[in-house]
Amino acid sequence: MRIRGISSFQNNDPLYIVDGTPVQDSYINFLNPEDIQSIQVLKDASAASIYGSRASNGVIVIETTKSGPVGPPRATLRVRTGIASPTRGLDDMLLTNSLDYFQVMKATYANAGQLASMPKTYGDPNNPTVPNYTYADAPAILSTDAYGRVVTVDPSKYSYPNTLIEPASAGTDWWKAVFSSAPVSDYNLDVRGGGDANAYAVSFNYFDQQGTAAYNDYRRGSVRVNTSFNRSKFNFGENIALTVDRHVGGTGTFDDASGENGVLGKDILLQPIVSVYDISGVNFAGAKGVPGVNSSNPLKNAWDAKDNINKDNQVFGNVFAGFDLNPQFSLKSRLGFNLQQNSFAGFGAPTPQNNEAQLGNSINENNFNSTDWTLSNTARYVKTIHSASLDLLVGQEANAGTNRYLQGSINNLLNTGLDSRYIQDALGDPTTKNVFSSGGRTALLSFFGKAGLNFADKYVASFTLRKDGSSNLGPAHRWGTFPAVGLGWRISNEPFLSNNRIFSDVMLRYGWGRTGNQNIPSGRIVSQFGGDRGDTFYDITGSNTTIQPGFRQASLGNPDLKWESNKSTNIGTDLVLFNGVLNVVLDVYNRLTDNLLFDPRTPATAGIASPPIVNIGKMSNKGYDFSVGHTGSWWNASLNGSHYANKIVSIDGVQTQFFGPIGTRIGNSTINMVGQPIGSFYGFIADGFFRDAADVTAHALQDGAAPGRIKFRDVNGDGVINSSDQTIIGSPHPKFTAGIDLGAHRGQWDASATIFGTYGNKIFENQMDFYVFQDFSSNVVKDRLANSWTPQNLNAKYPRLDITDTYSGAISSYYVKDGSYTRLRSMQVGYTLPSGARYLPGARVYLQGENLFTKTNYDGLDPAIPAGNFTGAAGDTRDQAMGVDVGVYPTNRIFSIGIVTSF
């Protein structure tokens, strides 16, 4: 979730306020959506500033169900079950026939004049055939043909993993081998009730979604209890939720982790000649014997990770008490808490069937615990005098958190059963055991006040002042002061607009505010030291018995750290037109972030210690957002849209750019450059293909230039193509995003739909390195041969197939694609049974579809690409790597049926 652009080089998550308790979380998976009663987004700094330093990226206020009808308890049961399937599969894009792949491979060698050196996997290049086997160990081979291919084997010699026999496949569809439809179910029961002096709501949830990729699953169970009590002038209560969730399966399925090791990494781009299973039909096959391939069987990867498990346990909530001295004056205290425990246990299996075989196994596990609490105390005074009202609030807030992380690993387990996967010397190779732990503490102390004025419901003003002190910052800069002001003028209450038939209600708004950010890892104001075996431990005599421990500087500290400051100005209007026919909200804003907290790259002479976090640079976001809505007697519709322009204004006054956090086989495609948006794409500009030898001669000097290869632009005009010609080649930031919500009801029937679109953003399709340029002899797109450059096809889609062309695949605008899309996110049709129905009177039954339709020009798997889950010394850095497609879990299309009934 991002609100009004990107304002920092690191964490840009908004602050969530759940029932008055602040929490910073990228996903908030602990919250059951059915418990949510209302959501309010505070975008303007004048509104968000009361929440203090953690509100610099905006605030999302969430209220959960607190009360029910007066009287006896009433229960509501919500059940939904359905089927999920990927919106698109790689089998739509890639070859699934082995002989078709051979034709691509033949052209690749023939065009380079190296047909004679082509691997003999398919035998005679003029009469290719799929071999019986891609590989067999010598003891099992009975005969081979003239091309060295195994023809017959002795199956009795097969022994996994020592003597392998790998059958060839006429065509494996690796997508279908790994992905398929999967069930999803959601069960909710809540009980609500109360009276004049008390109210309660208790809810239970169980959610289970099996992954569309093999052997992964997500399950969540939660219990929430909300109560409130009134006793004379006193009120008190609590809001507490317990959530337990389990993620089962491999990398890249739940956490936006991506890249080669993810479920959609290069492994799923394995050639179709590789079989899923070996001759046993039980053990997995691999690419052993297929030249140039270092990928693993993706289904085996999924199977090996089927017992990998992430466990998340969380207790979140608050207790509160208030005292109303009189109708004007009240006191309130709230103690919020967030207790989290996360653990992971993973297994690394041997891969003897790979060309780059790994014969050992390993386990690794980690455990993370954190405790966060917030105590707030407020006093409020409300007074109305004639047509004017005054609302005063003063308060104090204290927040503290601790965390501890422990990880360990060991290799070569003697027994790989689940009951033996422990990090113990007796269960594995003790020399490979590694254990590491870390932790931190943070604290915030805040004082704040707010004054609100309203005169005749025409002139409105609010003034906020907050002072925060953070333990993450240097002693001399620990405290920051953050003011804000908001002004409003309801001009529709002025005489000159009274009884206006067009403008029924018009409010003009102005807001200005300054918020701060100190969201960095704790302890970075001092240097940190560490060391371990293979790093700082040294065997003095070389006898392996005199190892002396040592230490080094692990990270550089900065005692001068200060607040990152975000100044925001907002001008807006709220309009009700034609007596309520249309409701319009429009805002224009300007945000400038100064003293960015960041860890700039240090020169090699500084050593291997992590760089210090410093305050450098400025970043700007300018934009607008709007909504237009209509609510009629039987239908409603609303349109919302937004635009922002992000720009890095300065870095440190010396350097003008630095690369983003993501590295791939072809390099780093993102850069942060002064005058450009954060995470811009950087590389050569591709100017088509060289047409002929004359075109090569006329062009600037370029390594590997030849007809049919990609031509790069000489940006600086010096006649040579080199790194100086790399430039900005695209932006992942959309120029416009929009959403449409539709609803209608007639009699017992109702229907709703949501459409979302993002436009003008670019995607760096890094997966082309594999399925276009065949890195590691991977599979290719279906039209790679038909639409490749030839002297007769000069305006081709792809460069010439050429095994010696190691140049065209350099990072360039050739990878940059239009990422715009429009998606029907959800559609629901429901029917409410009459109250006199024989069964389940008053129950609502509905059919629901999610992600039903996507309109896009993007030729990759899915244009809805989450930013990779990257972290650096200064925290979350994923916004520096937006829009890079390195293979992420696809969006699912879900069809489900549900019922809601009360009793």
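Me: A polar contact is a pair of N or O atoms within 3.5 Å; within protein, one atom must be able to donate a hydrogen and the other to accept it, and residues adjacent in sequence count only if both atoms are side-chain atoms. What makes the pairing of the side chains of R844 and Q828 a polar contact?

Reply: The side chains of R844 and Q828 are joined at 2.6 Å, which falls within the 3.5 Å limit. The side chain of R844 also makes a polar contact with that of D750, at 2.6 Å. The model is predicted, so local features need pLDDT of at least 70 and side-chain atom pairs count only at pLDDT 80 or more, while totals for chains, interfaces and linings use all residues. Residues are numbered from 1 along each chain as its sequence is written, and side-chain values use heavy atoms, with hydrogens and water left out.

Me: Why is R844 called buried?

Reply: Buried means under 20% relative accessible area, exposed means over 50%, and partly exposed lies in between (1.4 Å probe, protein chains only). R844 has a relative accessible area of 19%, and therefore counts as buried. Its contacts (heavy atoms within 4.5 Å) include Y831, T832 and I899, leaving aside neighbours within four places in sequence.

Me: Which strand holds R844?

Reply: R844 is found in β43, residues 844–856. Strands (E, at least two residues) and helices (H or I, at least four) are DSSP runs numbered from the N terminus.

Me: Why is H733 classed as buried?

Reply: The relative accessible area of H733 is 6%, which is under 20%, so the residue is buried. H733 is found in the loop between β37 and β38. Its side chain reaches the backbone oxygen of I678 at 2.7 Å, and its contacts outside four places in sequence include I6, Y644 and M882.

Me: How do you know that β27 and β30 pair?

Reply: Two strands pair if DSSP finds at least two bridges between them. The bridge partner of L586 in β30 is F626. Strand β30 is also joined to β31 by 14 bridges, again antiparallel, and β30 and β31 form a hairpin with 3 residues between them.

Me: Why are β32 and β37 described as edge strands?

Reply: The open sheet has the order β32-β33-β34-β37, with antiparallel pairing. Strands β32 and β37 each have a single partner strand, so one side of each is left without a neighbour in the sheet.

Me: What makes the span of α2 close to the expected one?

Reply: The expected span is 1.5 Å times one less than the number of residues. Helix α2 has 13 residues and reaches 18 Å from its first C-alpha to its last, close to the 18 Å expected. At the N-terminal end, N97 caps α2, with a side-chain oxygen 3.0 Å from the backbone nitrogen of L99. The buried residues of α2 include F102, V104 and M105.

Me: What is called a nonpolar core, and how many residues has the largest?

Reply: A nonpolar core is a set of buried Ala, Val, Leu, Ile, Met, Phe, Trp, Tyr and Cys residues joined through side-chain atoms within 4.5 Å. The largest one has 64 residues, and L90, F179 and Y771 are among those with the most contacts inside it. Helix α2 supplies the largest share of this core, 6 residues. Apart from it lies another core of 15 residues, including I6, L596, V614 and I648. In soluble globular proteins, nonpolar side chains tend to be buried together.
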